[in-house]
Amino acid sequence: AGKWGRVIEILKVFEEDCATPVGKLRQVADAMTVEMHAGLASEGGSKLKMLISYVDNLPSGDEQGFFYALDLGGTNFRVMRVLLGGKQDRVVKQEFEEVSIPPPLMTGRSDELFNFIAEALAKFVATEGEDFHLPAGRQRELGFTFSFPVKQTSLCSGTLMNWTKGFSIDDAVGQDVVGELIKAMERVGLDMNVTALVNDTVGTLAGGRYYNSDVVAAVILGTGTNAAYVERAHAIPKWQGLLPKSGEMVINMEWGNFRSSHLPLTEYDHLLDFDSLNPGEQILEKIISGMYLGEILRRVLLKMAEEAAFFGDSIPPKLKVPFIIRTPTMSAMHSDTSPDLKVVGSKLKDILEVPTTSLKMRKVVISLCNIIATRGARLSAAGIYGILKKIGRDSPKDGERQKSVIAMDGGLFEHYTQFSECMESSLKELLGDEASESVEVIHSNDGSGVGAALLAASHSQYL
Ligand code: ADP
Ligand code: MG
């Protein structure tokens with residue numbers, strides 16, 4: 001009984017440390033807008049990089065032709081080709097292939113990673129059918145979605161600032177990622193022109209805007225997390241160039257790197273960060289995104305096993321393996337509605353090799369999933385609310401019925417229902433009933449790939 005009391009105590013402390021009452025979410029949102037201003041004011045002015053994307057025109061619908069896109073940014077990468085038919089026909093045809101990146105390539109050498117990508121792309125190009133016809137003498141064109149912090153030097157070039165999400169390839173940092181890709185394409189004999197380099201958030205924003213003209217921001221909740229939004233160009237003091245004709249500029253916030261004293265961080269988060277490939281960085285990402293949620297769960301369970309004999313007298317050896325509980329597993333357990341929580345039981349058995357678990361143990365696991373997912377979802381909502389405040393879309397303007405649409409994408413948002421539902425209800429809670437009427441969250445399924453192709457089209461060398 002004493003041991004079980006200790007289990008409950010660890011659970012309660014964790015729950016308190018993760019608490020996100022609405023007042024705290026407002027503080028986080030306000031801190032976010034403060035950091036947005038600081039990041040826009042000067043280079044390095046904030047943990048929020050607020051990167052200039054060089055996208056000053058979002059898709060109009062008139063884009064036409066046949067383009068490739070490549071999406072690199074997490075565990076998988078995708079190659080796709082898209083046939084754009086203009087206003088009437090939109091996306092006429094679309095084909096893609098998904099390839100998982102061998103983990104050693106994520107921490108190896110730059111040329112190895114880019115060779116692997118270029119080879120996969122070349123293979124995909126070789127399967128091009130008759131219906132994707134390129135006019136004679138034309139070079140294939142590609143939009144490159146690269147979801148890591150990049151300091152762009154133009155729409156189609158930029159240097160990698162640092163890696164995130166479990167990638168760590170030192171010799172690529174500071175290099176032009178388009179240059180690296182082009183060199184690899186030359187090595188494999190692939191002739192293609194890279195006409196746009198975009199972050200996945202920027203691609204999602206472009207893809208979202210293509211179908212819905214009220215889209216003002218995009219948020220990714222996948223392996224990592226990030227957001228982009230449309231800013232007024234004259235509200236970007238650090239922008240040295242000419243004011244774009246549109247008066248607008250898409251900003252890649254790199255919000256995963258946000259941190260604030262208002263964030264509810266626990267002992268488990270501090271240790272997870274300490275043990276990570278990028279300690280001190282991506283603090284928001286480490287408590288929100290798919291790469292980390294399951295790992296937080298593992299760490300709390302390990303503490304319960306060590307200090308309160310949660311799994312009996314010995315600690316399941318598998319529980320000591322970092323990242324062994326993946327977020328899809330956590331979400332499968334969290335959605336278990338069977339009376340005896342049999343999914344939880346079978347996952348614990350399969351993954352941790354714990355043969356039997358009682359119902360009350362399974363209930364504790366569900367509570368932990370709920371605490372971790374709720375914190376992540378509510379902080380995501382606070383971030384979105386912060387963006388809406390920054391662009392003055394957080395309260396209804398008199399007589400104006402301006403809609404604001406947020407395009408969302410990523411496996412966490414798409415598949416973890418409790419997470420996405422909690423995020424949407426928390427956003428409503430922050431906005432209030434009236435403002436909620438004018439704000440809409442949509443799922444922009446694979447918008448980033450189409451978005452990159454659209455930006456490649458609007459920046460084609462043949463225009
Ligand atoms: P990426 O972010 O790597 O570009 P995705 O947007 O497809 O790719 O997101 C994949 C991530 O989404 C996975 O790493 C995982 O964390 C999360 N995810 C995928 N499926 C689920 C699921 N069923 N429940 C919870 N999270 C999931
Ligand atoms: Mg992605």
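Here is a short tour of this structure, stop by stop, for you to follow in your viewer.

Before you click anything: this is a predicted model, where local features need pLDDT of at least 70, side-chain atom pairs count only at pLDDT 80 or more, and totals for chains, interfaces and linings use all residues. Residues are numbered from 1 along each chain as its sequence is written, while chains are lettered from A and ligands numbered from 1 in the order in which they are written.

**Stop 1: the two domains**

Colour residues 1-53 + 212-444 one way and 56-198 another: these are domain 1 and domain 2, with bounds that come from an automatic or database domain assignment. Their centres, taken over C-alpha atoms, are 28 Å apart. Where they touch, domain 1 gives 18 residues and domain 2 gives 13 residues; two residues are in contact if their C-beta atoms, placed from the backbone, lie within 7 Å.

Now select β1 (51-52) and β11 (248-252), which each give two or more residues to the domain 1 side of that contact. Strands (E, at least two residues) and helices (H or I, at least four) are DSSP runs, numbered from the N terminus.

**Stop 2: ligand 1**

Zoom in on ligand 1. Which residues come nearest? Of the 16 around it, they are G74, G222, G290, G411 and H415. Being near here means that a residue's C-beta atom, placed from the backbone, lies within 6 Å of the molecule or strand. Domain 1 and domain 2 each put at least three residues into this shell. Show α11 (327-334) and α14 (411-415) too, as each supplies at least two shell residues.

**Stop 3: α13 and α15**

Next, select residues 359-390 (α13) and 417-436 (α15): they pack at an angle of about 45°, with their axes 8 Å apart. The axes are lines fitted to C-alpha atoms, for helices over the stretch in contact, and angles run from 0 to 180 degrees between N-to-C directions. The pair is therefore oblique; angles under 35 degrees count as roughly parallel, over 145 as roughly antiparallel, 65 to 115 as roughly perpendicular and the rest as oblique. Show side chains where they meet, including A373, T374 and G376 of α13 and Q418, F419 and C422 of α15.

**Stop 4: α10 and α11**

Finally, pick α10 (residues 293-308) and go back to α11: their axes are 7 Å apart, at an angle of about 75°. That makes α10 roughly perpendicular to α11. Select L293, G294 and L297 of α10 with T327, T329 and M330 of α11 to see the contact.
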